Amino acid sequence: MPRQAQFSKSDIVAAAIKILRTQGWRMITARSISKELSCSVSPLFTAYNSMDEILQDVLAECTRNLNKYLSEVSEYRLSFKEMGLRLYRFSIEEPKLFRALFLRPNADLSIIDKTAMECLKELENEFGFDDKMAAEFLEQMRPVIVGVSGLANNDPQNWNEDRVSQILSKQFYAFLLLIKSGQEVIIRKPEKKWKSE
C-alpha cells in the first residue's frame, strides 16, 4: 500500500509560492520548502516525483495569478494596451512572480498569447486586420509589452504607469500603421561609416 502524503500538492505549492514572494525563484528548493512546512524533505516526494514537477506546478500557480490580472481585458477598447498596462501592474505588485514567469532562463513569453489572441479580435473587427496581420502585430507587440514591464519591474521608481502608457500607445499605433501600410521593412546590418581623409 503506497504511503499517504503528509502534505497535499497544493500545500507544497503554497509553501513554495511564499518562498518565491519573499526570497525569489532560485531559493525554491526541497530544503527551503520542507523548512517552510516544518518537515523533512521526504514528505515532498510522497506527493511529487521530483523537484522539477514541483517547480512546474509553482509556475502554473504564478500563471494563474497572472491570469487574474489579465482577466476580462478583451472587454476594453484598445484591449491590447490594457493588457500591457495590466502586465505592468503585475510586474510591480507581484515582482518575484513576474520574474519567475518572464525573466528566468528559458522563460516562455507565449503564456500571454491566449489573452493576446482575444485582444487581436478587436484589431480584426475595428482595424480590418486579417489573421496574418494579427499574427505580425502580436509578434511585434509581445516583446514590447513584456520588455517595458520588465524594465518597470527592475526600476519601479522610474517606470510609472503614465510613462508605460505613453510608450505602449506609441508602439501600438506605430505597429498598427506599419502593418496596415503593407510596407516591407528592409532589415539591414549596421555598417562602418567611411571616414573622409
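**Close-up views of a predicted model**

**View 1. M83 sits in helix 5 (residues 79–93).** Helices here are DSSP runs of H or I with at least four residues, numbered from the N terminus. This is a predicted model, in which local features need pLDDT of at least 70 and side-chain atom pairs count only at pLDDT 80 or more, while totals for chains, interfaces and linings use all residues. Residues are numbered from 1 along each chain as its sequence is written, and side-chain values use heavy atoms, with hydrogens and water left out. M83 counts as buried because its relative accessibility is 1%; buried means under 20% relative accessible area, exposed over 50% and partly exposed in between, with a 1.4 Å probe and protein chains only. Leaving aside residues up to four places away in sequence, M83 touches L70, V73, I112, T115, A116, C119 and I145, where contact means heavy atoms within 4.5 Å. From M83 to D155 there are 72 residues in sequence and 20 Å in space, C-alpha to C-alpha.

**View 2. The largest nonpolar core has 59 residues.** Such a core is a set of buried Ala, Val, Leu, Ile, Met, Phe, Trp, Tyr and Cys residues joined through side-chain atoms within 4.5 Å. Look for I12, I28, I33, F80, M83 and F137, which touch the most other members. Helix 8 (residues 131–154) supplies the largest share of this core, 10 residues.

**View 3. S32 lies in helix 2 (residues 30–36).** With 17% relative accessibility, S32 counts as buried. Its side chain reaches the backbone oxygen of M27 at 2.7 Å, and a polar atom of the S32 side chain lies 2.9 Å from the backbone nitrogen of T29. A polar contact is a pair of N or O atoms within 3.5 Å; within protein, one must be able to donate a hydrogen and the other to accept it, and residues adjacent in sequence count only if both atoms are side-chain atoms. Not counting residues up to four places away in sequence, S32 touches I19 and M27.

**View 4. Helix 1 (residues 9–23) packs against helix 4 (residues 51–70).** Their axes are 9 Å apart, at an angle of about 70°. Axes are lines fitted to C-alpha atoms, for helices over the stretch in contact, and angles run from 0 to 180 degrees between N-to-C directions. Helix 1 and helix 4 are therefore roughly perpendicular to each other; angles of 65 to 115 degrees get that label, under 35 is roughly parallel, over 145 roughly antiparallel and the rest oblique. On the helix 1 side you will find K9, I12, V13, A16, I17, L20 and R21, which meet I54, D57, V58, E61, C62 and N65 in helix 4.

**View 5. Helix 6 (residues 95–103) crosses helix 8 at roughly 140°.** The two axes come within 11 Å, and the crossing angle makes helix 6 oblique to helix 8. P95, F98, R99, F102 and L103 of helix 6 make the contact with V146, S149, G150 and N153 of helix 8.

**View 6. E72 and N106 are loop residues with positive phi.** E72 is not a glycine, yet has a phi of about 65°. The loop between helix 4 and helix 5 holds E72, which counts as exposed at 52% relative accessibility. Phi of N106, also a residue other than glycine, is near 60°. N106 belongs to the loop between helix 6 and helix 7 (113–127) and is exposed, with a relative accessible area of 76%.

Notes: Helices (H or I, at least four residues) and strands (E, at least two) are DSSP runs, numbered from the N terminus.
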